[in-house]
Amino acid sequence: MSLYCPPRHWWAPVDREEKIWLSIALVWCLAMFGVMVAWAALGGQNPPSETYRIKPDEFARRAARFVAARQRKDARGLPVYEKGVPVVEAAEDEDSYLLARTWAWEPILVLKKDRTYRVRLSSVDLQHGFSLQPVNINLQVLPGYEYVARLTPSSAGEFLIVCNEYCGVGHHQMVGKILVEEE
Ligand SMILES: [Cu+2]
């Protein structure tokens with residue numbers, strides 16, 4: 001009834017086959033590492049590195065100011081809404097705002113194809129997930145922090161923003177929109 005002590009040299013030396021497999025694994029690791037570095041430079045889909053701490057109510061105030069200044073007007077000069085959400089025309093020379101709250105994204109941003117915009121993105125309550133479909137750009141959206149995302153739409157159309165971070169009973173209805181128009 002004592003512990004068995006293994007022999008002093010319990011391992012087998014690395015044979016030829018094992019060396020080949022280890023080499024393949026090493027080469028593959030280095031290849032994946034290279035792709036990661038190359039993609040950061042060439043992929044054009046890196047998460048924004050410009051971030052700030054911000055108070056949620058301050059962000060809400062600035063977003064409301066942006067909406068009031070740039071909301072789209074119809075032929076009679078009345079502000080345009082889609083299902084109660086203001087439709088806002090972003091400008092290239094001015095920061096745009098996209099606000100997440102339970103359970104909506106505000107406003108609906110209208111962008112022009114091939115122009116570059118700075119979009120400030122934050123939440124005023126819980127953690128939400130910004131998932132732009134179908135292009136599959138994903139960002140975490142946290143209250144108290146804002147991202148400044150640079151967006152250059154390369155095709156026109158309607159893009160949906162899905163919340164991909166569970167945020168309560170209305171989570172599945174939390175869908176926003178970005179409209180990209182031709183010049
Ligand atoms: Cu959610």
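Trainee: Leaving aside its neighbours within four places in sequence, with which residues is D95 in contact?

Mentor: This is a predicted model, in which local features need pLDDT of at least 70, side-chain atom pairs count only at pLDDT 80 or more, and totals for chains, interfaces and linings use all residues. Residues are numbered from 1 along each chain as its sequence is written. Two residues are in contact if their C-beta atoms, placed from the backbone, lie within 7 Å. With neighbours within four places in sequence left aside, the contacts of D95 are R118 and R120.

Trainee: Where does D95 lie, and is D95 buried, partly exposed or exposed?

Mentor: D95 belongs to the loop between β3 and β4; helices (H or I, at least four residues) and strands (E, at least two) are DSSP runs, numbered from the N terminus. A residue is buried if 20 or more other C-beta atoms lie within 10 Å of its own, exposed if 12 or fewer, and partly exposed in between, with C-beta atoms placed from the backbone. Because D95 has 13 other C-beta atoms within 10 Å, D95 is partly exposed.

Trainee: What separation do the C-alpha atoms of D95 and A149 have?

Mentor: Along the chain, D95 and A149 are 54 residues apart. Their C-alpha atoms are separated by 9.9 Å.

Trainee: What is the strand order of the open sheet, and which are its edge strands?

Mentor: Two strands pair if DSSP finds at least two bridges between them. The open sheet has seven strands with mixed pairing, in the order β2-β3-β6-β12-β11-β8-β9. Each edge strand pairs on one side only, and these strands are β2 (81-82) and β9.

Trainee: In β12, which residue is the bridge partner of L160?

Mentor: Strand β11 (residues 157-163) pairs with strand β12 (residues 175-181) in the antiparallel sense, over six bridges. In β12, the partner of L160 is K177.

Trainee: How many bridges join β8 and β9, and which residue of β9 is the bridge partner of H128?

Mentor: Strand β8 (residues 128-133) and strand β9 (residues 137-141) are antiparallel, and their pairing runs over five bridges. The β9 partner of H128 is V141.

Trainee: What is the phi of K83, and where does K83 lie?

Mentor: K83 is exposed, with 7 other C-beta atoms within 10 Å. Its place is the loop between β2 and β3 (85-89). K83 is a residue other than glycine with a positive phi, near 50°.

Trainee: How many of the 27 residues of α1 are buried?

Mentor: Helix α1 (residues 16-42) reaches 38 Å from its first C-alpha to its last, close to the expected 39 Å (1.5 Å a residue); the expected span is 1.5 Å times one less than the number of residues. The helix is hardly covered, and its count of buried residues is zero.

Trainee: How far apart do the C-alpha centres of domain 1 and domain 2 lie?

Mentor: Domain bounds come from an automatic or database domain assignment. They divide the chain into domain 1 (13-43) and domain 2 (51-181). The separation of the two C-alpha centres is 40 Å.
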